[in-house]
Amino acid sequence: MEPTIKKVVILGSTGSVGTQTLEIIRAFSDRFEIVGLCNGYNTPLFKQQLDEFKPRYFNTLGEVESGYAGSKFVPAEEIASLPEVDLVVAATVGCAGMPPAIAALQAGKSLGLANKEVIVMAGEKIMEVARTSGSEILPIDSEPSAIWQCLEGEVSDPARLIITASGGAFRDRTWDSLGDVTLEQALNHPTWTMGPKITVDAATLMNKAFEVIESRWLFDIPFDQIDVTIHRQSIVHSMVEFADGTLKAQLGPTSMLQPIQHALFHPERQGNNNLPRLNAVTMGSLTFEEMDRSLYPCFELALDYGKRGGTFPAALAGADEAAVQLFLNKKIKFTQIPDIVAETLVTHEPIFKPSVADTIEAAQWATETTLARHNQSTILS
Ligand code: MG
């Protein structure tokens with residue numbers, strides 16, 4: 001039987017996950033067709049992608065005329081819900097990824113989810129929308145992908161999820177000693193190469209708290225059954241413990257290509273010579289350490305607001321996005337990030353049982369409030 005061609009839309013095609021998704025799709029032109037591409041402001045790369053993949057539709061925040069390379073400019077939400085689309089890959093960064101991601105789910109599309117803010121903002125609602133429309137959410141973030149892979153084929157619920165954390169750029173320093181760290185130091189991740197926003201979130205461990213919140217909803221498991229452990233090598237991407245004491249781990253190279261490919265081909269495993277390989281003999285020792293939460297104020301803060309629910313997690317994601325942007329623009333110090341996020345969150349008036357629109361509004365409010373306090377008005381990413 002001829003394999004069917006999956007029709008794919010990529011949101012955030014010029015970012016780190018977007019370009020790696022296209023790298024895999026390029027190698028399997030008989031299995032995938034790009035129907036739509038959406039990006040932010042990286043216009044030169046975006047035009048190259050339009051020239052190469054010739055999608056029928058595109059959306060961009062940059063300046064590309066409709067009809068470029070035979071492609072039509074259409075709103076991102078519309079592209080994500082086109083009848084012919086099978087899979088939408090949300091490789092966007094931050095809260096702006098929510099409207100097209102939710103449109104895809106409402107239209108019953110499979111959603112490859114790298115943009116974790118989407119599920120952090122509105123986890124309960126997102127899962128409800130996916131259930132109602134019969135959409136499948138395919139995790140692309142490496143830790144939730146690892147958990148997903150450990151759970152595949154199991155019929156019993158997991159007893160515990162163990163999310164691994166590299167510890168980020170400053171894992172061997174105390175928080176108090178980080179007052180003068182530079183942007184360049186914060187962007188120098190010890191194991192992963194990623195976009196700037198997530199790399200800063202990895203350094204504060206905000207990213208790890210987001211992954212706990214993400215996993216709580218994706219795998220429908222209470223917060224108190226999710227642990228985080230420091231694993232410096234970033235080879236074990238996460239683990240699952242079962243009732244009988246069995247611990248399953250997923251190991252792989254420190255590369256996003258595997259989790260992306262797993263989501264693209266799910267439920268198949270597909271050979272691909274372009275993927276890096278892990279050699280068990282040469283990979284060296286694997287270490288696991290307890291995480292000292294006192295070293296990471298962002299982690300505790302984020303988890304606290306993540307657990308409160310309502311629109312708090314959306315406000316958290318919005319405030320963090322603004323705080324990271326202020327740091328990337330060299331307007332604040334690294335160690336100010338948790339204080340700035342907390343300052344916004346204490347003034348948030350939450351809505352419980354929020355609609356998707358409520359969560360988008362809460363995130364926007366938090367972003368704008370945080371930026372305004374520091375005399376900035378917009379986020380350009
Ligand atoms: Mg991750």
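View A. Distant parts of the chain are linked by the pair Glu-143, in helix H6 (residues 142–151), and Glu-211, in helix H9 (residues 206–218), which are 68 residues apart; helices (H or I, at least four residues) and strands (E, at least two) are DSSP runs numbered from the N terminus. Glu-143 counts as buried because its relative accessibility is 7%, and Glu-211 counts as buried at 1%, given that buried means under 20% relative accessible area, exposed over 50% and partly exposed in between (1.4 Å probe, protein chains only).

This is a predicted model, in which local features need pLDDT of at least 70 and side-chain atom pairs count only at pLDDT 80 or more, while totals for chains, interfaces and linings use all residues. Residues are numbered from 1 along each chain as its sequence is written, and side-chain values use heavy atoms, with hydrogens and water left out.

**View B. The open sheet of 7 strands.** The strands are arranged in the order S4-S3-S2-S1-S5-S6-S7 with parallel pairing, two strands being paired if DSSP finds at least two bridges between them. Strand S4 (72–73) and strand S7 (137–139) stand at the edges with a single partner strand each, so one side of each lacks a neighbour in the sheet. Within the sheet, strand S5 (residues 87–90) runs parallel to strand S6 (residues 110–113) and is joined to it by 4 bridges, with Val-89 opposite Gly-112 in S6.

**View C. Helices against the sheet.** Helix H4 (residues 98–106) packs on the sheet, touching strand S1 (6–11), S5, S6 and S7, and its direction makes about 145° with that of S6. Helix H2 (residues 43–53) lies across strand S2 (32–39) and strand S3 (57–60), running at about 160° to S2. Contact means heavy atoms within 4.5 Å; axes are lines fitted to C-alpha atoms, for helices over the stretch in contact, and angles run from 0 to 180 degrees between N-to-C directions.

**View D. Strand S9 and its partners.** Strand S9 (residues 226–230) is largely enclosed by the rest of the structure, because 4 of its 5 residues are buried. Strand S8 (residues 160–165) pairs with S9 in the parallel sense over 5 bridges, and Thr-164 has Thr-229 in S9 as its bridge partner. With strand S12 (residues 289–290), S9 pairs in the antiparallel sense over 2 bridges, Ile-230 standing opposite Glu-289 in S12.
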